[in-house]
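Grab a pencil and work through these exercises with the structure on screen. Try each task yourself before you read its solution.

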Amino acid sequence: MDRQFTISYLIGDSLYLNITNRCSNGCAFCIRKTEKGVGYDLWLKEEPTAEEVLAAVEEPQKYKEIVFCGYGEPLSQLEVLKKVAAALKQRGVQSIRVNTNGQANLYYGRNIVPELAGLVDTISISLNAQNAAAYVALCRPQKGEEAYYSLLDFTRKCVGVIPRVILSIVEWPGVDVEACRQIARDLGVEFRVRKPIS
Ligand code: SF4
């Protein structure tokens, strides 16, 4: 089916899957607001089905990593993500990553982390700020400060279930990098600082 939009896109050796444009945040630095984004038009006219996503992945074993990350929060499409990840695992994919805002448990009202076990190898959670007030100012979550506490709790729940857990921030005015690094350290997860996309 040719629906004229980009479901999969290549960055380096990794294949990225764009499965939704929905997100409960409105971050100041979101690539959806930049002129060129990541160089692909990632606006979806409709959300793809699992079958459509899988059809957009040819030879999945040839990529270093397959990453769920697009113009939106991939875990908003949880059932599609699980179905695609399970099929990719069956096709021999070693490394699957999800880039997330970490608010899925708040969004669904239950702990969805166990549902990702065995399907997701790396989860990269956007911490983005050193405290709830700074997070609200920068990411403008629909649920306010609760979103920040929820993402911290989500991170805790990922530890021991998902093999690799990363908290990430974007270099941005007002973001206290060292305080964020300490939060990651306290939670026992990796820490990554990203540059904003202009
Ligand atoms: S969480 Fe990600 S997709 Fe959502 S608004 Fe922020 S940067 Fe954009």
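Predicted model: local features only at pLDDT ≥ 70, side-chain atom pairs only at ≥ 80, totals over all residues.

Residues are numbered from 1 along each chain as its sequence is written, and side-chain values use heavy atoms, with hydrogens and water left out.

**Exercise 1. Work out how the strands are arranged.**

Step 1: Go through the sheet. You get 7 strands in the order β1-β2-β3-β4-β5-β6-β7, making an open sheet with mixed pairing. (Strands are DSSP runs of E, at least two residues, and helices are runs of H or I, at least four, numbered from the N terminus; two strands pair if DSSP finds at least two bridges between them.)

Step 2: Look at the edges. β1 (8-11) and β7 (190-194) each have a single partner strand, so one side of each has no neighbour in the sheet.

Step 3: Zoom in on β7. It pairs with β6 (residues 164-170) in the parallel sense over 5 bridges, and Ser 168 has Arg 192 in β7 as its bridge partner.

**Exercise 2. Find out what the salt bridge of Arg 97 connects.**

Step 1: Find the partner. Arg 97 bridges to Glu 65, with the closest N and O atoms 3.1 Å apart.

Step 2: Arg 97 sits in strand β4 and Glu 65 in strand β3 (residues 65-68), 32 residues apart, so the pair links distant parts of the chain.

Step 3: Buried or exposed? Both Arg 97 and Glu 65 are buried (under 20% relative accessible area; exposed is over 50%, partly exposed in between, with a 1.4 Å probe and protein chains only).

**Exercise 3. Describe the salt bridge between Arg 181 and Glu 178.**

Step 1: Check the distance. Their side chains meet at 3.0 Å, N to O.

Step 2: Check accessibility. Arg 181 is partly exposed at 28%, and Glu 178 is partly exposed at 48%.

Key
Salt bridge = Lys/Arg side-chain N within 4 Å of Asp/Glu carboxyl O.
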